[in-house]
Amino acid sequence: MKDAKADAREHNIEQEYDLDAPPEKVWRAISIAEFRENWLPKAALADPDAVAVIPGQAVRYRLREEVPPFLESTVTFTIAPNAAGGTSLRIVHELIGAPSARSGRTAANANAFSLLRAA
């Protein structure tokens, strides 16, 4: 039997990159809307403002799909200096309200949105 944390991790995507750019430059790219817009457009965001910020270290945004079932998620960018003088960038994309794999519930009408809200 899985625990709740293990189940939640199944709905996450985690990526790590080592970049040649210094942390200050990477921070500007992920935290300033005009720069972020080049690779994460505000149309993909549920809210154009970050939902959580640790200045110079991490920023989290909330996303919402434009089509049913209108899934919501968060994406968190965490940066730290690396040994090569560049930046380590960690990206964690988490689905909000993902149905539990162990619940065994399926919608008779395939309406996944109602399952997400009920979970």
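1. The sheet. In this predicted model, five strands make up an open sheet in the order β1-β5-β4-β3-β2, with antiparallel pairing. Helices (H or I, at least four residues) and strands (E, at least two) are DSSP runs, numbered from the N terminus, and two strands pair if DSSP finds at least two bridges between them. The edges are held by β1 and β2, each of which has a single partner strand, so one side of each lacks a neighbour in the sheet. Direction ignored, neighbouring strands are turned against each other by 15° on average.

2. Strand β1 and its partner. The antiparallel pairing of β1 with β5 runs over 8 bridges. Within it, Glu14 has Val92 of β5 as its bridge partner.

3. The helix on the sheet. Helix α2 (residues 23–31) packs on the sheet and touches β1, β2, β3, β4 and β5; contact here means heavy atoms within 4.5 Å. The direction of α2 makes about 165° with that of β4. Axes are lines fitted to C-alpha atoms, for helices over the stretch in contact, and angles run from 0 to 180 degrees between N-to-C directions.

4. Basis of the model and conventions. Residues are numbered from 1 along each chain as its sequence is written. The model is predicted, with local features requiring pLDDT of at least 70 and side-chain atom pairs counting only at pLDDT 80 or more, while totals for chains, interfaces and linings use all residues; side-chain values use heavy atoms, with hydrogens and water left out.

5. The structure holds 4 salt bridges, a salt bridge being a side-chain nitrogen of Lys or Arg within 4 Å of a carboxyl oxygen of Asp or Glu. Arg90 and Glu14 form one of them, with the closest N and O atoms 2.6 Å apart. Arg90 belongs to strand β5 (residues 87–95) and Glu14 to strand β1 (residues 12–19), so the pair ties together parts that are 76 residues apart in sequence. Arg90 is partly exposed at 34% relative accessibility, and Glu14 is partly exposed at 46%. The category buried means under 20% relative accessible area, exposed over 50%, and partly exposed in between (1.4 Å probe, protein chains only). A network of salt bridges links Glu14, Glu16 and Arg90.

6. Salt bridges of Glu72. Glu72 forms a salt bridge with Arg62, the closest N and O atoms being 3.0 Å apart. This pair links distant parts of the chain, with Glu72 in strand β4 (residues 72–81) and Arg62 in strand β3 (residues 58–64), 10 residues apart. The side chain of Glu72 also meets that of Arg64 in a salt bridge, at 3.4 Å from N to O. Glu72 is buried at 18% relative accessibility, whereas Arg62 is partly exposed at 26% and Arg64 is partly exposed at 36%.

7. Aromatic pairs. The count comes to 2 aromatic pairs. Rings of Phe, Tyr and Trp (its six-membered ring) pair if their centres lie within 6.5 Å; planes under 30 degrees apart count as stacked, over 60 as edge-to-face and the rest as tilted. Trp39 and Phe77 are edge-to-face, at 5.2 Å centre to centre and 85° between the planes. Trp39 lies in the loop between α3 (33–36) and β2, and Phe77 in strand β4, so the pair ties together parts that are 38 residues apart in sequence. Tyr61 and Phe77 have ring centres 6.3 Å apart and planes at 65°, so this pair is edge-to-face. Tyr61 is in strand β3 and Phe77 in strand β4, 16 residues apart.

8. The aromatic cluster. Trp39, Tyr61 and Phe77 form one aromatic cluster. Phe77 is buried, with a relative accessible area of 4%, and Tyr61 is buried at 1%; Trp39 is partly exposed at 39%.

9. Confidence. The chain averages a pLDDT of 79, and 73% of the residues score at least 70; pLDDT is the predictor's confidence in each residue, from 0 to 100. Among the elements, strand β2 (residues 52–54) has the highest mean pLDDT (97) and helix α4 (residues 112–118) the lowest (37). Over residues 1–8 the pLDDT is below 50, and this stretch has 8 contacts in the model beyond near neighbours in sequence. Over residues 100–119 the pLDDT stays under 50, and the model has 23 contacts beyond four places in sequence for them. Where pLDDT is low, the predicted coordinates should not be read in detail.
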